[in-house]
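The following exercises concern a structure of two chains and the surface that they share. Please study the sequence and the model before working through the solutions.

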Amino acid sequence: MRFVIIGNGVAGVTAARALAEAGAEVEAYTQEAHHYYPRPRLHELLTGEIELEEIHFYSPVWYEERGIAVHLGTEVVRLDTMAKRIALADGREILYDRLLLATGSRPFIPSIEGMNKEGVFTLRTIEDALAIRRWAKEAKRAVVVGGGLLGLEAARAFMVLGLRVAVLEQGAYLLPRQLDAEGGALLKELIGAMGIEVVLEASSQAILGNGTPPPTLGGIEGGLASGVLLQDGRRIEGDLILVSAGVRCDVRLAQEAGLEVNRGVVVDEHLRTSAEDIYAAGDVAEFQGRVYGIIPAAIEQARAAARNMLGEEAAYQGTIPSNTLQVVGIDCTSIGVVHPPEGEGYQELRKSEAGVYKKLVLKDGRLVGVILLGDKKDVAPISQLIRKGADVSRYAERLLDEDFDWKGLL
Amino acid sequence: MDKWECLVCGYVYDPAVGDPDGDIPPGTPFEDLPDDWVCPNCGAEKDMFEKLE
């Protein structure tokens, strides 16, 4: 049985490993020039806090030992679901018995003028991080378009590199997916105190700039970014523009092959796509209308996909979204349901004091979500209790106490 | 003793250090951590860790 995987990111590698452990021969094809690396660490590569050799996760020997053949720098250009065959960019055709689409996602490029000016970047790959690092040496002021996870981590990195930084967020508060209005406001305050400027309700209209880049950067012809023009007319100056405005699933291959695609490649609870013997997992997959875009989902989906590909029936039931980051030393955790709909049995318990914001979300007395900002005490037991859907109703407001014994509930 | 890295956030569990906040004393190998132990940095479960080779 030939198992073929397209993509060698978190989902691809996790599935390859699970298949190999079951004794299967696995081939993986990726257009990346590098073996798998964890993208959340790219901002450390950007600052030089880690070097290239340290960012890789598994050595080439690790793959060889497990019988996983990884073809780097090898783009798959076409998928033929009838012949059960994929076509590579170099013309070779590879047959498969079971195929996993783990093509991930790409940075969303807003269709605003000036995106192609020099000094404008997205951050997704090692190459991006190294290019930004080189550019940052000559830059004075970074503008980050998008105040989500990646944008804020990058803002910190730019500060470490000695640039002045402004973050532009089109929503009403930072980290709109992970925080709420109150948490977002506290984060803006804490970040502002560190020297990062934050502009909210800032929709970018165009990237401004003319001029020629300095000779050290090749003296390339064309416009040199000098700032961002907002829809409300404000101009934000900057000579390094990072666009971190979200990602879009890399569905081209699936779409052209006629698979059911919505925002992502649609999968059922067995991670099957609409085409026989083709599965999908990770950033590219859409389950019950959701595209998660986070590592824990990629891992869980990949493991379930591998089991199903091996003929075991393994039902995937969704992933509890979980994010933890540190922005300029600020701890921020968001797990589960943090924007509960009105009514429907949800209850929010909130407390904000001394630079710490805590929100617990309960549904019918069970813990279903948490936002914890400025502190990470008890994150681990709280996270486990959410996974268990623990009934905490009898503790009520005591749950917000500084010294509440969370570990005792496990 | 081997160090293990969290696949989700990059946190490295160093047995020499343990996880004092999580009641894990220094010198505890990863294999001996309880099944319900989670990453102190991000809450990811034990099965999301990989041995650092």
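A polar contact is a pair of N or O atoms within 3.5 Å; within protein, one atom must be able to donate a hydrogen and the other to accept it, and residues adjacent in sequence count only if both atoms are side-chain atoms. This is a predicted model, in which local features need pLDDT of at least 70 and side-chain atom pairs count only at pLDDT 80 or more, while totals for chains, interfaces and linings use all residues. Residues are numbered from 1 along each chain as its sequence is written, chains are lettered from A and ligands numbered from 1 in the order in which they are written, and side-chain values use heavy atoms, with hydrogens and water left out.

**Exercise 1. Describe the extent of the interface between chain A and chain B.**

Step 1. Taking contact as heavy atoms within 4.5 Å, 21 residues of chain A touch 18 residues of chain B.

Step 2. The buried area, meaning the accessible area (1.4 Å probe) that two parts lose on being put together, summed over both, is about 1800 Å², and carbon and sulfur atoms give 50% of it.

Step 3. Of the area that chain A buries against chain B, 25% comes from A:F57, A:R303 and A:Q384, more than from any other three residues.

**Exercise 2. Identify the polar links between chain A and chain B, and the elements of chain A that take part in the interface.**

Step 1. Between the chains there are 4 residue pairs in polar contact, both residues being at pLDDT 80 or more.

Step 2. A salt bridge requires a side-chain nitrogen of Lys or Arg within 4 Å of a carboxyl oxygen of Asp or Glu. The count between the two chains is 3, and one salt bridge joins the side chains of A:R17 and B:E50 at 2.1 Å, N to O.

Step 3. Helices (H or I, at least four residues) and strands (E, at least two) are DSSP runs, numbered from the N terminus. On the side of chain A that touches chain B, two or more residues come from each of α9 (295–309), β21 (322–327) and α10 (379–388) of chain A. The most come from α9(A), with 5 residues.

**Exercise 3. Determine whether A:E27 is buried or exposed, and find its partners.**

Step 1. A:E27 belongs to strand β2 (residues 26–29) of chain A.

Step 2. Buried means under 20% relative accessible area, exposed over 50%, and partly exposed in between (1.4 Å probe, protein chains only). A:E27 counts as buried because its relative accessibility is 15%.

Step 3. The side chains of A:E27 and A:R2 form a polar contact of 2.9 Å. Leaving aside neighbours within four places in sequence, the residues in contact with A:E27 include A:F3, A:A69 and A:I94.
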